[in-house]
Amino acid sequence: MKDLLIYIAQNLVDNPDSVTVTELEKDGETVFELRVAEGDMGKVIGRQGRIAKEIRALMKSVAQRHGKRISVDIVD
């Protein structure tokens with residue numbers, strides 16, 4: 001799932017080499033921290049957070065198929 005998140009983010013931004021994802025375990029849930037270049041933040045978040053919401057929805061859908069709980073945090 002980490003690879004999927006990296007793939008999605010790299011295709012949205014201008015600087016794909018700066019995309020990093022950190023995977024953490026918190027309270028039985030996997031937390032993915034997504035970091036992108038400062039200039040690409042708006043492209044990952046989108047207007048009114050629409051793109052960020054869709055990324056989270058897609059990732060949660062994939063996680064449910066694997067019987068896992070996840071969340072995606074976009075870190076600046």
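1. Helices, of at least four residues, and strands, of at least two, are taken here as DSSP runs, numbered from the N terminus. On that basis, T30 is found in strand β2. The model under discussion is predicted.

2. Three strands make up an open sheet, and their order is β1-β2-β3, with mixed pairing. The edges are formed by β1 and β3, each of which pairs on one side only. From one strand to the next, the twist averages 25°. Between β1 and β2 the pairing is antiparallel and extends over 7 bridges. Within this pairing, T20 faces R35 of β2, and T22 faces E33 of β2. Both R35 and E33 return below, as the two partners of a salt bridge.

3. The setting of T30. Is T30 buried or exposed? Its relative accessibility is 9%, and T30 therefore counts as buried, the cut-off being under 20%. The side chain of T30 makes a polar contact of 2.8 Å with the side chain of E25. If neighbours within four places in sequence are set aside, the residues in contact with T30 are E23, L24, E25, R69, I70 and S71.

4. Salt bridges in general. How many salt bridges does the structure hold? There are 3. Side chains of opposite charge can pair when their charged atoms come close.

5. D14 and K43. A salt bridge joins the side chains of D14 and K43, with 2.2 Å from N to O. The pair links distant parts of the chain, 29 residues apart: D14 belongs to the loop between α1 (2-12) and β1 (20-26), while K43 belongs to helix α2 (residues 41-45). D14 has a relative accessible area of 60% and is exposed. K43 is partly exposed, at 33% relative accessibility.

6. E29 and R69. The side chains of E29 and R69 form a salt bridge as well, at 3.8 Å from N to O. This distance qualifies because the limit for a salt bridge is within 4 Å. The C-alpha atoms of R69 and E29 are separated by 5.1 Å. R69 is exposed, its relative accessible area being 52%. Not counting residues up to four places away in sequence, R69 touches D27, G28, E29 and T30.

7. E33 and R35. In the remaining pair, the side chains of E33 and R35 meet in a salt bridge, with an N to O distance of 3.5 Å. R35, at 32%, counts as partly exposed. The reader may relate this pair to the sheet, where E33 stands opposite T22 and R35 stands opposite T20.

8. The hairpin of β1 and β2. Where does D27 lie? D27 lies in the loop between β1 and β2. The hairpin of these strands has 2 residues between them, and D27 takes a positive phi near 55° there. This phi is found although D27 is not a glycine. With a relative accessible area of 77%, D27 is exposed. D27 is also one of the residues that R69 touches.

9. Q48. Which loop holds Q48? Q48 is placed in the loop between α2 and α3. Q48 likewise has a positive phi, of about 55°, although it is not a glycine. Q48 is exposed, with a relative accessible area of 67%.

How values were computed:
Residues are numbered from 1 along each chain as its sequence is written. This is a predicted model: local features need pLDDT of at least 70, side-chain atom pairs count only at pLDDT 80 or more; totals for chains, interfaces and linings use all residues. Side-chain values use heavy atoms; hydrogens and water are left out. Buried means under 20% relative accessible area, exposed over 50%, partly exposed in between (1.4 Å probe, protein chains only). A polar contact is a pair of N or O atoms within 3.5 Å; within protein, one must be able to donate a hydrogen and the other to accept it, and residues adjacent in sequence count only if both atoms are side-chain atoms. Contact means heavy atoms within 4.5 Å. Two strands pair if DSSP finds at least two bridges between them. Axes are lines fitted to C-alpha atoms, for helices over the stretch in contact, and angles run from 0 to 180 degrees between N-to-C directions.
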